[in-house]
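Subject: Structure for you to look at

Hi,

Here is the structure I promised to pass on. Please open it alongside this note, and my findings follow below.

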Amino acid sequence: MLPRVLRCSRPAVNTITFFQQTAGFRPQMAHGRPVESAIRAKLTQALEPNHLEVINESHMHAVPPGSESHFRVLVVSQRFEGLSLLQRHRLVNETLREELSTLVHALAIQAKTPQQWDINPSLAKSPSCMGGSKHDNTVADKLKAGRD
């Protein structure tokens with residue numbers, strides 16, 4: 001396990017990782033980041049992940065500083081066994097339905113079984129922002145609605 005952890009060199013500020021080691025596992029809350037905290041809590045409750053990473057990528061996009069509108073999640077769960085990739089993504093999307101319909105503009109999903117994670121324990125990199133949200137009023141509307 002230690003060599004795998006050492007190979008994983010993502011910034012701790014943007015990445016929160018959970019390992020479910022005991023039956024009393026409780027997610028840590030990201031203080032001052034309510035959307036990220038809600039995403040983490042809902043995915044933990046619904047999917048009981050072996051490994052979970054929730055990364056706020058809003059800073060990579062044309063949104064105000066401190067926004068919580070663009071996320072990447074990596075979920076490793078036994079619940080994905082026997083499901084197609086599309087079914088896994090639908091399960092994650094359904095779990096986060098409220099966030100996706102209000103505050104979250106974009107969600108990148110990696111949904112793996114524990115066996116897939118053992119073979120390839122990596123998180124895909126996000127492409128650079130092409131500026132599409134600069135002209136998308138729904139992002140500003142969602143951010144404003146979330147503050148009200």
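Let me start with Val 76, which sits in strand β3, residues 70-76. Strands here are DSSP runs of E with at least two residues, helices are runs of H or I with at least four residues, and both are numbered from the N terminus. This is a predicted model, so to speak of local features we need pLDDT of at least 70, side-chain atom pairs count only at pLDDT 80 or more, and totals for chains, interfaces and linings use all residues. Residues are numbered from 1 along each chain as its sequence is written, and side-chain values use heavy atoms, with hydrogens and water left out.

Is Val 76 buried or exposed? Val 76 is buried because its relative accessible area is 1%; the cut-offs are under 20% for buried, over 50% for exposed and partly exposed in between, with a 1.4 Å probe and protein chains only. Leaving aside residues up to four places away in sequence, Val 76 touches Pro 49, Asn 50, His 51, Lys 112, Thr 113, Pro 114 and Trp 117, where a contact means heavy atoms within 4.5 Å. Glu 53 is 23 residues from Val 76 along the chain, and their C-alpha atoms are 9.1 Å apart.

The rest of the strand is covered too: seven of the seven residues of β3 are buried. On one side these are His 70, Arg 72, Leu 74 and Val 76, and on the other Phe 71, Val 73 and Val 75.

Now for the neighbours of this strand. β2 and β3 run antiparallel and are joined by six bridges, with Val 54 opposite Val 73. Strand β4 (residues 106-112) pairs with β3 in the parallel sense over seven bridges, and Phe 71 has Leu 107 in β4 as its bridge partner. Two strands count as paired if DSSP finds at least two bridges between them.

Glu 57 is also worth a look, in the loop between β2 (51-56) and β3. Glu 57 counts as buried because its relative accessible area is 10%. Beyond residues up to four places away in sequence, Glu 57 touches His 70, Phe 71, Arg 72 and Ser 126.

Finally, the whole chain. The protein chain has six helices and four strands, in the order α-β-α-β-β-α-α-β-α-α along the sequence. Of its 148 residues, 37% count as buried. Among contacts with a separation of 6 or more, 67% are between residues 24 or more positions apart.

Best wishes
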